[in-house]
Structures are given as structure tokens and as C-alpha cells.
Amino acid sequence: MKMKKYIKYLSITLMTLLYSSCTELDLNPLSEGSSANWYNNEEEVVMALNDLYRSYLWYKDDDAFTDDWTSREALSTVTNATVNSEWSWSGSLWLNCYKGITRANTIISNIDRAADNLTQEQMDVYIAEAKFVRATMYSFLVARFGDVVLYTEVPELDEAFNVSRTDKSEVLDLVYSDYDAAITVLPETYGSSELRRATKGAALALKARIALYMEDWQVAKDAAKACMDLSIYSLHEDYGTYFFPETKNSVETIFSLPRSVELNEQLGINYPVKATITRNAGGWSAYNPSWDLLFAYLCTDGLPVDESPLFDPLNPFENRDPRLLETVVPFHSEHLGFIYEPHPDSVEILNVNTGDYVTNNDTRTNTQFAAYNGLVWKKGVTTDWSDDLNTDPDEIVIRYAEVLLTYAEASIELNQIDESVLETINMVRARAYGADLSSVDSYPMVEMQSQEALRKTLRIERRMEFAKEGMRYMDIIRWNLAEKVLNKNIYGMLDPDELREKVVNQGLWFFPETPEVDEDGIVNLDPIFEKGLIKLLADRDFDGTKQYLWPIPAQEIIANSNLQQNPNY
């Protein structure tokens, strides 16, 4: 049975990689598309290119891999250190990326067939699009696996069984080269068209991202600056509404994939929709922001919670960076038609739409599985999520705020710190406050400081700006913080009776005391737990001897003895 399983996986991979290698057998009727009779005109080439924009190819890390996320007493494979070579997540990433790579290679290798029906300009753009996707797929792989198999053409059958991994530096050379080719040829925009295709700015932005991940600081800085210099992107006016399903084609969005309920392309009804929205609104409130994230946000004076005189643990949403209030639902506020209140004594709650008080299913007094730490996500969540559990926000691949902070981080690491670095950070922060960039009194402006201090400022800024966007995982990996933050426990509220006795009746609701925050902006909740004032939900674990890289999927190693596994898997 095990052998059959491996043969099945091998067959899938080979079918993917050898998409065009079976053309000599002429198995397809002339009336059906195949690599043997396709790519003869613009329509066929464009249809093949459209296949490169399928959402499953555009990978995003799960926030469940990080310290920003909690789900009752559950852990992910990453956070309980059970990653192994049969982990389905790494297997899917490997397979899907090579699907994208093979499709891109097939287009590049076969587009000459349509030469009589395309202009040279059209051919150049289509090849550039394919290279843009190929570069992105390889960047996904290199960032997580290190050395990977490098293909620039569709391999023959014998070759596919005997290839070995290529040093990631060589793969990166191809990634940068492909992005550069795309940058040279792709249009800056598609005008008034609704097309969501690769552009010059998207290639620059994604080149900057992978260069940042690989610590190629100068490459990252130059690509980010070139993207900024296009002068076609800007920050969305309002941080909170940017993520709403109703916001489409924002000036901040550099590259995204459209969703449409009408076309049956939407967020999953159960995951993440029902798992995210509150129980009063018909959801499960099972996926929640962690307390680690709650206390990572700075106060409005720019100081962490344990240094700011403005922080009050009894009112943790007051005097905080506005992005906290747009990311996590503040207590006593209206959310999805109800006042949100996890207090154990708030057994009834106001239904804003009807004006009636109803049973409060978001307190654990009434509902055992209400949010274990009292927190629920707000970012991007509107009544469009809860009215019929169908919602279709843009799937944002990369946005302008990331480019600004990439430019700043790369400059800091190069120790090329000047006013332009401060300005890019302040642009992001000022937008969060709805403030003018030069208005000193309207937001905690970042000022000139040492390289080390500015590095820490930048890292906290990224965490506040990109929470719930799949960015935190690669940040803690590349900053070598994963061992530190993912070996910390996950805590939540005491059970209702004990919570009343030890916290509520002592006048300590919501949080019993101000927690400590270290030099990396990481909260330490252990002392509060040791006093018996909070509850241990789960014990995170991260194996730093291997988990900074993902394992090559077992089926690939078994099928090809030339593929070497990453260390300690």
C-alpha cells in the first residue's frame, strides 16, 4: 500500500513536469488542446497564460505558523515541531510551484509556433509574463526549501528521474534575471482595463521581496526604489477599509488576484469565514489573534506597552496604534451587527440591527468554544462575510506599504540611513493614524536613531502593518526569531468561574497586569501565568535544528535518489 501511495505521488509530479513531453505520442485529438496542437495563435497563448494566475499557485504562508495566531488549544504542524518530509503543506507547495514553473516553461518554449499570428511586441510581453511567474514560483521554493531543482525547459522523462538540487544562489540568479526581463518589457499598467496581470511594478516589488528574504540588501533596495519611482502606487487613504471586500483595485495594490462570488471564486465558507467571524454573527470564532500580537502594538506615544504611561491593561485598546483597532475587534464596539463583549458577566448583548438584547454567544459563560482569549479578528471582516457566508475580497499578493518598508529595511541593513528611510516608515505609520506625513503632533513620528534601534523599530512596524496577511512567518524565519517566539506558550483566559474569582472580582478585567516586552517587541506572559491569573492553552515548540528550512517531500526523495534531503529530516 505504501508503494502504491508513492507511485501515485510520483505519477502526479511527473504528469506535471512532463506536461509537454508526451507530445510525440500524439494522444490528443486535434479538436482538443494539448502542448502538441496548442500555442498557434494569440487566443491559445493567452489562455495558457491565464492558467498561470490560478489562485492555488500563488502561495501565502499560514498565520497559524506564527506567534500572531491562536486557535483554542490547537497547534499547527509548525508550532508543535512535527514538520516532516510527509507534511502535506510542503508537498503541496512543491507540487504547485513546479506546476507553475512547468506551465511557464512550456509557454516560453512553444510561443514561437504563434509567431505568424503575433507581433514581436506581443510575444515579448507574453514571454515576460511567463518569466514573471516562473521567477515567483522559484522564489516561493527557495525561501522555504533552500536549494531546489532548477528547470528552464520541460525535462525529458529520464532527466526527471535523475535531477539533483541546484544551489540556491544559482536559482536566485535565474529569479533575478527573469524578473529583470519582465521589468524591461511588461507594461506599467493596463490602462482602464480590469485585467489583473503581471506589470513592471509587480515584477519590481516581488524581486525586492525575495531579495530581502535572501539578504541581498542592495538588490532589494534598488528594486523597491525603482518601484517607488514609477509614481503609480500610493497608500490607500484608510488602513481599515483597504482590506474590505468592497475595495477593489486600490491604488495601493501592486498585484492581486480577483475574487468573485458570482463566478464561484471566494473565501471558503467554513475556513476561513466561519472560523474567523464571531459566534453572535453565526461563526465559530475559532481562529483568533494571539495575546502575543495584542501586546506587540505600540501605544500612541510610540512606546511599547511596558514603557508607555498611556497603557492601561484594564482597557488594552485605548491609546494604542490605530492598526490594532482595525485588526482586532475592540471590546464594547459594534461588530457584524452586535456589540462585541467577551466579559463573563455579559450574558446578554445588544443586537444593533434589531435593538434587542440577545444571548451573548461570544462569552464563554454561555458558549464553551467562544474565543478562549477574548480576541477576534476584525481586519478585512465586514457584514459581507456574515450575511450569507460568501465574500470575495481581492487576494492581495503584494501592496505598496510592503515596498516602502522593504526599501527602509534594506537601507537599514546596508547602514545607508538617511531621511528617505525615515520617510518611508513614517508614510506607513502616518497613514495608520490618518495624519499628514509632516504633522509631528498627529502621530509618533520615527526619528533618526542608531542602526540597531531603527532595525527594531522597522520590525515592529512590519508586524503591526502586516498582521493577518501571511507575512509574519517569513519575517521570524529570516530574522532568526522563530526559535524564540515559537517556543513560548500560548495563553488565554481562565475558565469563567475562576476568571470571575481571580480577575473580574479583583478589579483586574480585562488583563490583570501590564506584561513585559523585550528588546525584539516580544511579550513575556509567563510571570502572569505563574501567578495563576491566565490559563495555559498550548505549549508551542519549534525545532531550530531543522525547521528554518522545510523538508523536500518524501515522495520526491524516494522517486529520485539524486535528491538530497534538508538536514535533520
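Colleague: What volume does the largest pocket have?
Modeller: This is a predicted model. Rolling a probe the size of a water molecule over the atoms shows where empty space is left. For the largest pocket, the volume comes to about 1300 Å³.

Colleague: Which residues lie closest to the centre of the largest pocket?
Modeller: The lining of the largest pocket holds 42 residues. By class they are 19 nonpolar, twelve polar and eleven charged. Closest to the centre are Lys60, Asp61, Arg259, Leu267 and Pro272.

Colleague: Which element gives the largest share of the lining of the largest pocket?
Modeller: Helix H3 (88-110), helix H10 (269-276) and strand E8 (395-399) each supply at least two residues. The largest share is four residues. That share comes from H3.

Colleague: Where is Pro272, and is its peptide bond with Tyr271 cis or trans?
Modeller: Pro272 sits in helix H10. Most residues other than glycine have a negative phi, and most peptide bonds are trans. From Tyr271 to Pro272, omega is near 10°. That bond is cis.

Colleague: What is omega for the peptide bond from Trp509 to Phe510?
Modeller: Phe510 lies in the loop between helix H19 (496-504) and strand E10 (516-517). The bond from Trp509 to Phe510 is cis. Its omega is near 10°.

Colleague: What is the volume of the largest cavity?
Modeller: The count comes to seven cavities of 30 Å³ or more. The largest cavity is lined by 25 residues. Its volume is about 330 Å³.

Colleague: Which elements give two or more residues to the lining of the largest cavity?
Modeller: Nearest the centre of the largest cavity lie Tyr59, Phe140, Arg209, Val397 and Met471. The lining has 14 nonpolar, three polar and eight charged residues. The elements giving two or more are helix H4 (120-145), helix H7 (200-213) and E8.

Colleague: How many residues of H15 are buried?
Modeller: Helix H15 spans residues 419-433. From its first C-alpha to its last, H15 reaches 20 Å, close to the 21 Å expected. H15 is largely enclosed by the rest of the structure, because the buried residues number eleven of the 15.

Colleague: What covers the buried residues of H15?
Modeller: Those buried residues include Val421, Leu422, Arg429 and Tyr433. The cover includes helix H8 (217-229), helix H9 (239-242), helix H12 (322-327), E8, helix H14 (400-413) and helix H16 (451-466).

Colleague: Which residue follows H15, and what is its phi?
Modeller: The residue after H15 is Gly434. Its phi is positive, near 65°.

Colleague: Which elements do the buried residues of H8 pack against?
Modeller: H8 has 13 residues and reaches 18 Å, close to the 18 Å expected. Its buried residues are Trp217, Ala220, Lys221, Ala223, Ala224, Cys227 and Met228. Just after H8, Ser231 takes a positive phi of about 60°. The buried residues of H8 pack against H7, strand E2 (253-257), H14 and H15.

Colleague: Which side chain makes a polar contact of 2.8 Å with the side chain of Asn566?
Modeller: Asn566 is found in the segment after helix H21 (554-559). Asn566 counts as buried, because its relative accessibility is 6%. A polar atom of its side chain lies 2.6 Å from the backbone oxygen of Trp550. The side-chain partner at 2.8 Å is Arg165.

Colleague: Which backbone oxygen does the side chain of Thr363 reach at 3.0 Å?
Modeller: Thr363 lies in the loop between strand E7 (356-359) and helix H13 (383-386). Its relative accessible area is 1%, so Thr363 is buried. Beyond its neighbours up to four places away in sequence, Thr363 touches residues including Glu341, Pro342 and His343. The oxygen reached at 3.0 Å belongs to His343.

Colleague: Is Ser285 buried or exposed?
Modeller: Ser285 is in the loop between H10 and strand E3 (288-289). Its phi is positive, near 45°. With a relative accessible area of 1%, Ser285 is buried.

Colleague: And Asn480, buried or exposed?
Modeller: Asn480 is found in the loop between helix H17 (472-478) and helix H18 (482-485). Its phi is also positive, near 55°. The relative accessibility is 56%, so Asn480 counts as exposed.

Methods:
Residues numbered from 1 in each chain as written. Predicted model: local features only at pLDDT ≥ 70, side-chain atom pairs only at ≥ 80, totals over all residues. Heavy atoms only, no water. 1 Å grid on protein atoms, 1.4 Å probe; cavity = no way out; pocket = protein on both sides within 12 Å on 5 of 7 lines; lining within 4 Å. Points joined across faces, edges and corners; volume = space filled by probe spheres on them. Nonpolar A, V, L, I, M, F, W, Y, C, P; charged D, E, K, R; others polar. Expected span 1.5 Å × (residues − 1). Buried < 20%, exposed > 50% of the residue type's maximum accessible area, 1.4 Å probe, protein only. Contact = heavy atoms within 4.5 Å. Polar contact = N/O pair within 3.5 Å; in protein donor to acceptor, adjacent residues only side chain to side chain.
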